[in-house]
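Welcome, and thanks for taking a look at this one with me. Below are a few numbered points to read alongside the picture.

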Amino acid sequence: VNGLPDDHPALAAAALATGADVPVCLSGRARVMRGVGEILSMPVALPALPAVLVNPGVPLSTRDVFAVFAGMHGGKMPLADVPDEAEALFAFLAVHGNDLTAPAIACAPAVGEVLETLTGLPGVRLARMSGSGPTCFALFDRADLAEAAARQLKTARPAWWVEATRLGNAAEVLS
């Protein structure tokens, strides 16, 4: 961008000024985010996992989510190394959630509806909100389960944006 290397401090500052979830997008690699998105871990090697992404199509301001979050007691559990094997990652994620989920649901109840719907899908291993929302994701063991879940959701919830994909290393759209 403008001849700057990807790790130039001016680029990072411009990304943060654009939005809280933008700095993590500069490298296109999975990372653990802290603060308002300005504190990033080193890139995390994730296993390739079939997933379904869902956005309910409701507006949700990151600023509003953080304003509600400021009044709550967020999780302070330190994060150890993120596992790079699927089963270990599922166990890790079972105890490490997204601190912004409750504030996002308070601002946009549709996020809670999406998470509840994703959790009830056949074959889902885990459902979470991404970043400060409103996009959520569900992880599966197999691509065919993710694809079937996406088809089911597209039929049941035509107003929602739904996409089957693969997250982690070798990410790709499945359908």
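1. C107 counts as partly exposed because its relative accessibility is 30%, between the 20% and 50% cut-offs. For contrast, have a look at C136: with 0% relative accessibility, C136 counts as buried. As for sulfur bridges, a search through the whole structure turns up 0 disulfides.

2. Before going further, please keep in mind that this is a predicted model. The average pLDDT of the protein is 84, and 86% of the residues reach at least 70. Which elements have the lowest and the highest mean pLDDT? Strand β7 (residues 172-173) has the lowest, at 50, while helix α5 (residues 110-119) has the highest, at 98. I would read the picture with those two values in mind.

3. Now for the overall layout. The protein has 6 helices and 7 strands. Reading from the N terminus, the order of the elements is α-β-β-β-α-α-α-α-β-β-α-β-β. Take the contacts between residues at least 6 apart in sequence: 60% of them join residues at least 24 apart.

4. A word on surface and interior. The protein has 175 residues, and 37% of them count as buried.

5. Next, please find S132. Where does S132 sit? Its place is the loop between β4 (124-129) and β5 (136-140). Is S132 buried or exposed? S132 counts as buried, because its relative accessibility is 0%. The side chain of S132 also has a partner: it makes a polar contact with the side chain of T62, at 2.9 Å.

6. Finally, a look at the aromatic rings. How many aromatic pairs does the structure hold? The count is 1. That pair is F66 with F69, arranged edge-to-face, with 6.2 Å from centre to centre and 85° between the planes. Both residues belong to helix α2 (residues 62-70), and because F66 and F69 are 3 residues apart there, about one helical turn separates them. F66 and F69 are both buried.

Note on methods. Residues are numbered from 1 along each chain as its sequence is written. This is a predicted model: local features need pLDDT of at least 70, side-chain atom pairs count only at pLDDT 80 or more; totals for chains, interfaces and linings use all residues. Side-chain values use heavy atoms; hydrogens and water are left out. Helices (H or I, at least four residues) and strands (E, at least two) are DSSP runs, numbered from the N terminus. Buried means under 20% relative accessible area, exposed over 50%, partly exposed in between (1.4 Å probe, protein chains only). A polar contact is a pair of N or O atoms within 3.5 Å; within protein, one must be able to donate a hydrogen and the other to accept it, and residues adjacent in sequence count only if both atoms are side-chain atoms. A disulfide is a pair of cysteine sulfur atoms within 2.5 Å. pLDDT is the predictor's confidence in each residue, from 0 to 100. Contact means heavy atoms within 4.5 Å. Rings of Phe, Tyr and Trp (its six-membered ring) pair if their centres lie within 6.5 Å; planes under 30 degrees apart count as stacked, over 60 as edge-to-face and the rest as tilted.
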